[in-house]
Amino acid sequence: MNRLRDTRPTPRTGIAGSSTHSSRVLARLMDDLFRIPGTRFGIGLDALIGLIPGIGDAAGTAISGVILAHAVRHRVPLSVLLHMGWNLLVDALLGLVPFVGDVADAAHRANVKNLRLLESTIEQGRQVDASVQGYVGRAVALVVLILAVLIALAVLALWAVLRLFGVL
């Protein structure tokens, strides 16, 4: 069984008994909730809420940020957090293009990619030692910066849509 489809708790653990179960559930909800009949392709809530200009992309970004928070909790290296942030940035940029971008956004599957990064980093034991000074502060600042940029893009998209329709 594909481990991304199986959302049952597993004995896989990160630090002090914590697991990636909630990240797996979130990735499935956001990227793979509904299967398109006759295909292996799934669509999640990210693609559906992304259809709402500006607000949908901002909401999807905020929800996707939970996996980044889990990565910080598991003390993944900052380079992995940057890679995860890049996946979300590409996802957000694709979502800015009306309709066609939403299809590309659904195909990109940033949450599943970030889940794979998180789980492979934990499996490889690539975690930052708790004694490294400033890790949490730098990691949290990086996550906040990533989310702020992504939400700013969503607000910019909403502003552009409102201007296009003459509301502003």
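Student: What covers the buried residues of helix 5?

Tutor: Quick ground rules before we look. This is a predicted model, so local features need pLDDT of at least 70 and side-chain atom pairs count only at pLDDT 80 or more, while totals for chains, interfaces and linings use all residues. Residues are numbered from 1 along each chain as its sequence is written, and side-chain values use heavy atoms, with hydrogens and water left out. Now, contact means heavy atoms within 4.5 Å, and helices (H or I, at least four residues) and strands (E, at least two) are DSSP runs, numbered from the N terminus. Here the cover includes helix 2 (45-49), helix 4 (78-95) and helix 6 (110-123).

Student: Which residues of helix 5 are buried?

Tutor: Buried means under 20% relative accessible area, exposed over 50%, and partly exposed in between (1.4 Å probe, protein chains only). In helix 5, residues 100-108, the buried ones are Gly101, Asp102, Asp105, Ala106 and His108. They line one face of the helix, because down its axis they fall within an arc of 160 degrees, taken from the directions from the helix axis to the C-beta atoms. Val100 and Val103, on the other side, are exposed.

Student: What follows helix 5?

Tutor: Arginine 109, with a positive phi near 55 degrees. Arginine 109 is buried, at a relative accessible area of 15%.

Student: How many salt bridges does the structure hold?

Tutor: A salt bridge is a side-chain nitrogen of Lys or Arg within 4 Å of a carboxyl oxygen of Asp or Glu. By that rule there are three. Arginine 109 takes part in one with aspartate 32, where the closest N and O atoms are 3.8 Å apart. Arginine 109 sits in the loop between helix 5 and helix 6, and aspartate 32 in the loop between helix 1 and strand 1 (34-35), so the pair ties together parts 77 residues apart in sequence.

Student: Which residues are linked in a network of salt bridges?

Tutor: Asp32, Arg35 and Arg109. Aspartate 32 also meets arginine 35, at 3.6 Å, N to O. Aspartate 32 is buried, with a relative accessible area of 4%, whereas arginine 35 is partly exposed at 37%.

Student: Where do glutamate 119 and arginine 24 lie?

Tutor: Glutamate 119 is in helix 6 and arginine 24 in helix 1 (residues 21-31), 95 residues apart. Their side chains meet in a salt bridge of 3.1 Å, N to O, and both residues are buried.
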